[in-house]
Amino acid sequence: MMQVNLTAPVCLMAKMDDMVWLWHASYRHLNFRSLRDLGKKQMVVGIPLIQHGEQVCDACALGKHHRAPFPRASAYRATAGLELAHGDLCGPITPVTPGGKLYFLSIVDDYSRYMWIEFTTRDWAFYDNFHMTKHLLVMKVMRL
Ligand SMILES: [Zn+2]
């Protein structure tokens with residue numbers, strides 16, 4: 001069964017008092033040496049001569065951070081049909097199908113790799129536990 005854990009909403013508003021950081025963010029995290037050059041050569045109206053220390057920008061550091069590759073094989077594989085199923089809802093797709101469908105739901109049985117696809121006009125909110133269970137039962141009846 002599907003279980004979703006929701007967390008409390010978080011305010012993502014940021015406030016910048018330091019003009020150096022504001023210029024850095026305004027120029028899409030341009031490095032501070034280049035920002036200083038822009039001010040020094042008066043290439044941008046209003047930019048101050050930026051003298052920045054060794055402080056590291058968290059966003060820049062995160063953007064340059066190495067990402068671990070996806071594992072080539074999963075740690076767990078199902079040992080029987082419908083023991084584990086993967087679902088994905090894609091859309092809205094464009095153009096809309098001739099039948100007016102905006103989304104398609106795919107369910108893959110981890111054991112047999114059998115895939116079930118259903119085109120629908122509804123988004124993910126429609127697919128509650130009842131509807132997912134219905135699809136899994138249909139797959140079970142088909143002896144996957
Ligand atoms: Zn940055």
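Mentor: Start with His 29, which lies in the loop between helix H1 (19–26) and H2. Helices here are DSSP runs of H or I with at least four residues, strands are runs of E with at least two, and both are numbered from the N terminus. Keep in mind that this is a predicted model, where local features need a pLDDT of at least 70, side-chain atom pairs count only at pLDDT 80 or more, and totals for chains, interfaces and linings use all residues. Residue numbers start from 1 along each chain, as its sequence is written.

What makes His 29 worth a look is its backbone: phi is positive, about 65°, although the residue is not a glycine. Most residues other than glycine have a negative phi, and most peptide bonds are trans. Is His 29 buried or exposed? It counts as exposed, because it has 11 C-beta neighbours inside 10 Å. The cut-offs, with C-beta atoms placed from the backbone, are 20 or more other C-beta atoms within 10 Å for buried, 12 or fewer for exposed, and partly exposed in between.

Cys 57 touches His 24 and His 29, leaving aside residues up to four places away in sequence. A contact means that the two C-beta atoms, placed from the backbone, lie within 7 Å. Cys 57 and His 29 are 28 residues apart along the chain, yet their C-alpha atoms are separated by 8.4 Å. Cys 57 itself is in the loop between H2 and helix H3 (58–64). With 15 C-beta neighbours inside 10 Å, it is partly exposed.

Setting aside residues up to four places away in sequence, Phe 32 touches His 24, Ile 50 and His 52. So which class does Phe 32 fall into? It has 19 C-beta neighbours inside 10 Å, so it counts as partly exposed. Going back along the chain, Val 20 is twelve residues from Phe 32 in sequence and 8.7 Å from it in space, C-alpha to C-alpha.

Among the elements of the chain, helix H2 (residues 32–40) has the highest mean pLDDT, 91, while helix H4 (residues 129–141) has the lowest, 74. The whole protein chain averages 82, with 83% of the residues scoring at least 70. Where pLDDT is low, the predicted coordinates should not be read in detail.

Zoom out, and the chain comes to four helices and three strands. Their order from the N terminus is α-α-α-β-β-β-α. The three strands make an open sheet, ordered E1-E2-E3, with antiparallel pairing. Its edge strands, each pairing on one side only, are E1 (85–90) and E3 (115–120). From one strand to the next, the twist averages 15°, with axes taken as lines fitted to C-alpha atoms (for helices over the stretch in contact) and angles running from 0 to 180 degrees between N-to-C directions. Two strands count as paired if DSSP finds at least two bridges between them. E1 and E2 are joined by six bridges, and E2 (residues 103–109) also pairs with E3 over six bridges. Ile 107 is a handy landmark: Gly 87 stands opposite Ile 107 in E2, and in E3 the bridge partner of Ile 107 is Trp 116.

Between E1 and E2 you find Pro 92 and Pro 95. A cis peptide bond links Gly 91 to Pro 92, with omega about 5°, and another links Thr 94 to Pro 95, with omega about 0°. In the loop between E2 and E3 sits Arg 113, a residue other than glycine whose phi is positive, near 65°. Arg 113 counts as exposed because it has 8 C-beta neighbours inside 10 Å.

Of the 144 residues, 6% count as buried. Among contacts between residues at least 6 apart in sequence, 41% join residues at least 24 apart.

Note on methods. pLDDT is the predictor's confidence in each residue, from 0 to 100.
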